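Here is a short briefing on one protein chain. Look at the structure first, then read the points by topic.

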Amino acid sequence: MRNRPDPTRPLPNPRHEAFVQALLRGEPATQAYASAGYKPNRANAARLTTNDDIKARSAHLKGAVTERVVADTSITLADVIKELAILGFANIKHYATKTVNGQAYVDLTNATDAQWAAIQELTSETYTEGKGEDAKLVVRTKIKLHGKEPSLVQIGKHLGLGKDRGPAPSDAVLVPQLPSQERLEEMRKRFDKPTLRTIDGGKQE
């Protein structure tokens, strides 16, 4: 019985190593097979992905990449859950103020970074209502928050909530993409103005 290659070192077969590296770059198996120097063949590419040496080397490299990203960014599970909670517990009422006559208007003056991050889409439409001396400028603003359910489901899995109270998953979590700091500042400049008057039932999906 032959000895298995050390997965922490490049595979002895250069083409196998090139195949693994191509897969890690995100190439489909057939394309990775060709990138490794083989003649394109879908069946052979699929078969090579099941090779034990290939799988062991891929698993090691994926783990190493994950560890490096976590180390470089200092991301913890608590950080991930906190970001998911921002989306999962966002409430449209945090973005509106109600007047004495029951109408609501957008008020982003005191919005926190977390509340800004929960906004998926923010649009503004300006139009004139009425005619002549009765004409007035109206700005309609629509707010759409990030979906709540996917974030809450992820939180539940990590906290072991629900009927299946098995251990929290150890695999990496895909966090919903949040606006960058530059995007947050851009949104503030565009919409944090006193001219915003109405809120049009910003919905949560």
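Among contacts in the protein chain between residues at least 6 apart in sequence, what percentage join residues at least 24 apart? The figure is 62%, where contact means heavy atoms within 4.5 Å. This is a predicted model: local features need pLDDT of at least 70, side-chain atom pairs count only at pLDDT 80 or more, and totals for chains, interfaces and linings use all residues. Residues are numbered from 1 along each chain as its sequence is written, and side-chain values use heavy atoms, with hydrogens and water left out.

**The whole chain**

- The protein chain has eight helices and five strands. Helices (H or I, at least four residues) and strands (E, at least two) are DSSP runs, numbered from the N terminus.
- From the N terminus, the order of elements is α-α-α-α-α-β-β-α-β-β-α-α-β.
- The chain has 205 residues, and 27% of them count as buried. Buried means under 20% relative accessible area, exposed means over 50%, and partly exposed lies in between (1.4 Å probe, protein chains only).

**Helix 5 against helix 7**

- Two packed helices are described by the angle between their axes and the distance between the axes.
- Helix 5 covers residues 77–88 and helix 7 covers residues 148–159. Their axes come within 8 Å and cross at roughly 145 degrees. Axes are lines fitted to C-alpha atoms, for helices over the stretch in contact, and angles run from 0 to 180 degrees between N-to-C directions.
- Helix 5 passes helix 7 in a left-handed crossing. A crossing is left-handed if the near helix is turned anticlockwise from the far one by less than a right angle, and right-handed if clockwise.
- On the helix 5 side, the contact residues are Leu77, Ile81, Leu84, Ala85, Leu87 and Gly88. In helix 7 they meet Lys148, Ser151, Leu152, Gln154, Ile155, His158 and Leu159.
- These contact residues divide into eight nonpolar, four polar and one charged. Ala, Val, Leu, Ile, Met, Phe, Trp, Tyr, Cys and Pro count as nonpolar, Asp, Glu, Lys and Arg as charged, and the others, Gly among them, as polar.

**Aromatic rings**

- The structure holds two aromatic pairs. Rings of Phe, Tyr and Trp (its six-membered ring) pair if their centres lie within 6.5 Å; planes under 30 degrees apart count as stacked, over 60 as edge-to-face and the rest as tilted.
- Phenylalanine 19 and tyrosine 33 have ring centres 6.3 Å apart and planes at 85 degrees, so this pair is edge-to-face.
- Phenylalanine 19 lies in helix 1 (residues 14–24) and tyrosine 33 in helix 2 (residues 29–35), so the pair ties together parts 14 residues apart in sequence.
- Tyrosine 33 and tyrosine 38 have ring centres 4.4 Å apart and planes at 15 degrees, so this pair is stacked.
- Phe19, Tyr33 and Tyr38 form one aromatic cluster. Phenylalanine 19 and tyrosine 33 are both buried, and tyrosine 38 is buried too.

- Serine 58 sits in helix 4 (residues 52–73). Why does serine 58 count as buried? Serine 58 does so because its relative accessibility is 10%. Not counting residues up to four places away in sequence, serine 58 touches Val20 and Leu24.
- Histidine 146 is in the loop between strand 4 (136–145) and helix 7. Its relative accessibility is 12%, so histidine 146 counts as buried.
- Threonine 109 lies in the loop between strand 2 (104–106) and helix 6 (113–117). Threonine 109 is exposed, with a relative accessible area of 55%.
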